[in-house]
Structure formats: C-alpha cells, structure tokens
Amino acid sequence: MEQYKRILLKEFDSRQKVITELTNLEAILNLPKGTELYISDIHGEFAAFEYILRSCAGILNEKIKDCFGDSLSESHKDRLSALVSYPELVLGEETKGQDWYQETIPQLLNLLAFAGAKYSRSKVRKALPPQYAYIIEELLYSDRALADKKSYFENILTYVIELREAVPFILGLSRSIRQLLIDHLHVVGDIFDRGAGSAQVMDELQHFHSLDIQWGNHDIIWMGAFFGSKDCLLNVLRIAARYGYLWDIEKDYGLNLRSLTLFADKTYQSNPKFRPILGGREQEFSDEEILQLEKVHQALAIIQFKLENQLIKRRPEFQMQDHVMLDKIDYWEESVTIDDTKHALVNTCFQTINPENPSALTPEENQAVDSMLASFQSSLKMAEHMSLLMNKGSMYKIYNQHLLFHGCIPLEPSGEFQPFILNQAHYAGKELLDFFEYHIRQSAKNKEVGDDLSTDLIWYCWKGKLSPLFGKEKMTTLERYFIEDKDTHKEVENSYFSYRNSEKVCQLILEEFGLFSQESRMVNGHTPVKTGKGESPIRGGGLLFVIDGGLCEAYQKKTGTAGYSLLNNSYGFQLVTHQPFQNAQKIVESPFAQTSLKKVVENVEERTLIKSTTIGQSLLAQQQELFGLLHEFYDR
C-alpha cells in the first residue's frame, strides 16, 4: 500500500495536480456511458462479423440520420454510410476529385464530432489516428461560423488534399467514428468452428480497442488443443474437415498436416458420409480435393473416438463410462448395442481398429497425432490468439451489473443448481464456473503434459454432462456418423434451457452471482433462437437475452435470421436482428437496404452515467485515493 502511495505521489506531486485530476474524474463520471455491443456464436463467419462491426450494428445509419437530418439527401446519406463502413472499397472504386474531398471530409468531421459529443475531449483524442490527431483536433474544434476560422479550416483541409493525404486521412476518420460509436465489445462465446474465417475474426479482435470474451464450447477445444489435449485437437481438426476449412486453418496458422494426409490417403477410401459440408463453397473444390477431405475426415474421426475412449477410462471420476462406444461395437457383424437395442452400423471405416483393443492407436496414427500437436502448439499466430483468449476471456463476466456467459448454468429437473461431483467435492452454480476456470488457467501453465486432470477437464467442458459450456446429457457424434436411427442422435438438453423462460429462475441465477439490482440482466449465447418457430431471444420475463440467432450460415434455415446482436447504451438495451450477409460490395452499393431491424427493449427515464458502470466504480476508487492524497497536502 505504501509503495502504491509513493507511485501516486510521484505522478501527482503537487496539490494543484491532484485537484486537476479530481476535477477531470468528476467530469468523466458524470458523462453518459458509452455504447456496448454484445455478439455471440460468430463461428468463423468473418465477413458477416466484420460487417456488424463496420456498420456498428446499425448505429452508424442512425447517427448519420440524426446528425444531418434533411440537410443531406437519402442517397447522399447512403453513400456516407458506405464510406464510413467500407472506406477502402469506396475510395478504391474510382478516382475522387478535389471537390469530392472538399465536400466529404467536412461531413466526416461533423459526424465524428456528433459521435464524440458524449465523451471527454481526452477520450476522443485517444480514438483519433495518431499521425493525424493534431490536424483533426484543429479542424474538429474550429468555429467555421467565424470568418477567420473558416479560412483557417479551409486552408488546412486544402493542404491535406494537395499533399495527397486525403485517402489515409479519410480511412483514419472512418475508423475513429466507428470506435466512438461502439465503446466496448462483448463476445459471448464461440468464435471458432463451422466457418473458415476464425483466424481473421481473432486478428480483428486483437486490434479492437476495448473488449471481453466469454469462452464458448467451440473456443475451449482450441484452447485445450493448444494446452496439450490430443482429444481437443482431434475434435478441432475433425470439425474443420467436416465443414471443409481444414486447409484454411492449415494455411492461416502454418500447421503441418502432411503425416495425417499421407496416412489417410493410403488407409481410407471414398465414404459419402464423410463428404465435407461445403455450403456455398462447393465450386471452390475439385473432386480430388473433396475425396482427400473425405479420407482425412475419416482418419480424424476414428483417432478422436480412440483417444476419447482412453480419456474416459483414464478418468472414471467423470462418470462417462456409457460413452465408451468403441467397446460396445461388434466389429464382425458391424452393429452396436445402445440401451439394450442393437443397431446396424453403416458407412463404417474401422480398418485401423483392433477389436481386442479398440482404443489403441496404430504407430502411424500416433505419429500423425504427435506431429499435428507439435505443429499446433508451435504456431506463433496460434499462440497470439490463445493469449488473447486467456487475457480477455473467462467463463463468465459481470459487467455493469449484468451477467454474461455462453452456455448454461446447469440445473436439476427440480430447478436447483446441479452439482458436478469430483473426488467427493460438489461444485454448483457460480462455484462450478469458477472451478472450471481455475483448471483452464492451470492447464495453460503447463502445455507439456496434456493428460493431467486440468487439461482433461477442458475436454470435459466440451462434451461433459455437467459442463456449463455444453449443457446436454451426451454428445452423439459417433451415432450420427454410423447409425441411421435418428432416435440415437438425440442430445437431451439440461433443465436450464427450459427453466430460463422462468423469471423466478433467472432471478435466482442473478442472485447466485451477487446481482440483486432490478436493472441486472443475463446475456447468453450457444443455442440458436428459432425465430421461424416463434421463439423469442428475450426470455425470463425480460431478464435474459439469448443472442445466438444464426450468424453462421449453417444455422440460418433453422433460425430464419442471420444472427442477433445486443446494444446497451445510456438509454438501455436494444436488440438487433441482422439480415443475411451477402458481400461487402452489395453493402457499398446499398447500405440502407441492409439495415437491420432494431427493437428497443427498455427505455430508461434517466440516462446511465459512467459513475454507475463497472469502469465508473474503478474511477470512483481512484477518486477516493486522490482525496486521501489531497488531505495529506493540506496536513503538511
């Protein structure tokens, strides 16, 4: 404490400096809070995700309308929205003349001033591109109603254009506007899998100015793989092969999959059940490439099933003995018995399985796994992305008195918190999520082991019955590949998913996490909201928002939308329903035609000020420390 006080005294070494900082803090505390954007279940859909960020989830269009009113035509507002969203595309379409720059840059400056009106000048300055910050401030705060200032403004602007700096200047202005419109980003899980652009999403998040991440079940297997779990690694790669982006992540992360492809090519044949699900990317692949993916897909699936058999036997405390599927198969007649019912197996690819020891890997399988794990763990880009997940991520987040988590809070059929029992210890509710987060962080400390309890618990987070990230009785992956009877494919959800419609239960969960305010809400992802079937993203009497609305193309037939995002500004929550994203060029051509539907969920009478936020609590604590320092100056 004394050391901290010495540091404080070094920075504020006079009474006047303390008074200045106290005044500054008081001003900031009484400003309206910034706008937060909540998004979940991105699933590698980079283009759609980027559009939501670039359009600020529809806020940009609203701000343009509010800022310019009738002074600009609708088509002009359209063009300005496209410019701020995708300046690289708009500026690259055709050469712009000096008159265009003279007209457009002042409009961007007006919009920047409008977007930054609720912030301190210091915060606006931090959002500006460093190389142009001084120039922009001069232009931003010049009173053009005064003749001298108007001339001053026009001279600076002309000089910027004549020096051929207009294009980078506009790029910087556009980024600054977007940053001021979205003050903070919450990613409520599942960045990875399904789509091919997970690495690009992570690159974007690395450079985002302010964010937090709540881990999803698809994120956790990437983390587990990097921390040494072969089981998690095989799940990551199998899903990539299944959805046709295995070669994308090989290229993005510099992975070496040569041992795998050579082994698969000589071991497996064509198998239509393992044909990759390519969606609209079918034309990008040759018949030979699709056949190669079919073979690799089979190899990864069989190795995964073997490794998971080993893990379940290694961890009887996980109580997953019913999931040891390979031991239940009659390899002679190709059938399996589940719950006393025999099922024929189809599209099998068991050539590397020894019926006497089904879990054993062949020497070639071992070599392929070791090579893939070493490659995965030595990727520099992978290390950067996993570091971001660890530094910005957690199992849950309490922010501004709201509870954010990806999957579920496991509940008994009675509605009570369901305990995970490990070595006679019980973990339920908040304690359960804290337990898993502790072990995830323990696993991150030692990437060399890979089969320790902490790392095995990461795999349990992926598919264990009491995992807050999974929330189902079991994962029926093997059954879906090899059994035609769809009754065996069912994955029964935890009771949480029916109880979350209850206001009383949602209130119970909030209180479990120490949230007793009437303004507190929960934000949840993980399960797509089937809008076409009448489901609502607003549950529990308005206490819960479920914001997985189908950003991933694979889910859009079920959901009827292209995803939800949630906004929270100083006036309350707004729910945004997004339209299917086509491509950036169509957005540039007709941005307002792509406008998303916004629903105001609440409208508070008084705007929320920074003093009432999580950041405000930190600033209030700083203020109290400075008051203590001020008293010391008075006592001298």
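## A strand covered on both faces

A residue counts as buried when its relative accessible area is under 20%. With that cut-off in mind, one can look at strand S9, residues 402-405, in this predicted model. On one side of S9 stand His402 and Leu404, on the other stand Leu403 and Phe405, and all of them are buried, so that both faces of the strand are covered. In a regular strand the side chains alternate between the two faces of the sheet.

On which strands does S9 rely for its pairing? With strand S8 (residues 396-399) S9 pairs in the antiparallel sense over 4 bridges, and within that pairing Tyr399 stands opposite His402. With strand S12 (residues 522-524) S9 runs parallel, the two being joined by 3 bridges, and here Leu403 stands opposite Met522.

## The turn between S8 and S9

S8 and S9 form a hairpin with 2 residues between them. Gln401, which lies in the loop between S8 and S9, has a phi near 70°, a positive value in a residue other than glycine. Is Gln401 buried, exposed or partly exposed? Its relative accessible area is 38%, and Gln401 is therefore partly exposed.

A positive phi is also found at Asn423, where the value is near 50° in a residue other than glycine. Asn423 belongs to the loop between strand S10 (420-422) and strand S11 (425-427), and because its relative accessibility is 61%, Asn423 counts as exposed.

## The sheets around these strands

S9 is part of an open sheet of 5 strands, whose order is S8-S9-S12-S14-S13 and whose pairing is mixed. S8 and strand S13 (538-539) stand at the edges with a single partner strand each, which means that one side of each has no neighbour in the sheet. Further along the order, S12 and strand S14 (residues 544-546) run parallel and are joined by 3 bridges, with Phe545 in S14 as the bridge partner of Val523. Helix H24 (residues 503-512) lies across S9, S12 and S14, and runs at about 100° to S12.

Another open sheet has 3 strands in the order S4-S5-S6, with antiparallel pairing. Its edge strands are strand S4 (329-330) and strand S6 (341-344), each of which pairs on one side only. Strand S5 (residues 335-338) pairs with S6 in the antiparallel sense over 4 bridges, and the bridge partner of Val336 in S6 is His343.

In soluble globular proteins, nonpolar side chains tend to be buried together. The largest nonpolar core of this model holds 179 residues, and those that touch the most other members are Ile105, Ile191, Leu205, Ile220, Trp222, Leu246 and Phe482. Helix H17 (residues 287-314) gives this core its largest share, with 12 residues. Apart from this core lies another core, of 12 residues, which includes Phe12, Leu25, Leu31 and Leu630.

What surrounds Leu205, once its neighbours within four places in sequence are left aside? Leu205 is then in contact with Phe49, Leu185, Val187, Ile191, Leu211, Ile213 and Leu388.

## Two helices that cross

Two packed helices are described by the angle between their axes and the distance between the axes. Helix H7 (residues 98-115) and helix H9 (residues 133-140) pack at an angle of about 85°, and their axes are 10 Å apart. Angles of 65 to 115 degrees count as roughly perpendicular, and H7 and H9 are therefore roughly perpendicular to each other. On the H7 side the contact is made by Leu109, Leu112 and Ala113, and on the H9 side by Ile136, Leu139 and Leu140. Of the residues in this contact, 6 are nonpolar, while none is polar and none is charged.

## A contact across the sequence

Leu626 is found in helix H27 (residues 614-635) and, because its relative accessible area is 3%, is buried. Although Leu626 and Ile19 are 607 residues apart in sequence, their C-alpha atoms are 8.5 Å apart in space. When its neighbours within four places in sequence are left aside, Leu626 is in contact with Phe12, Val18, Glu21, Leu22 and Leu25.

Terms used. Residues numbered from 1 in each chain as written. Predicted model: local features only at pLDDT ≥ 70, side-chain atom pairs only at ≥ 80, totals over all residues. Heavy atoms only, no water. Core = buried A, V, L, I, M, F, W, Y, C linked by side-chain atoms within 4.5 Å. Buried < 20%, exposed > 50% of the residue type's maximum accessible area, 1.4 Å probe, protein only. Contact = heavy atoms within 4.5 Å. Axes fitted to C-alpha atoms, helices over the stretch in contact; angles between N-to-C directions. Parallel < 35°, antiparallel > 145°, perpendicular 65-115°, else oblique. Nonpolar A, V, L, I, M, F, W, Y, C, P; charged D, E, K, R; others polar. Pairing = 2+ DSSP bridges.
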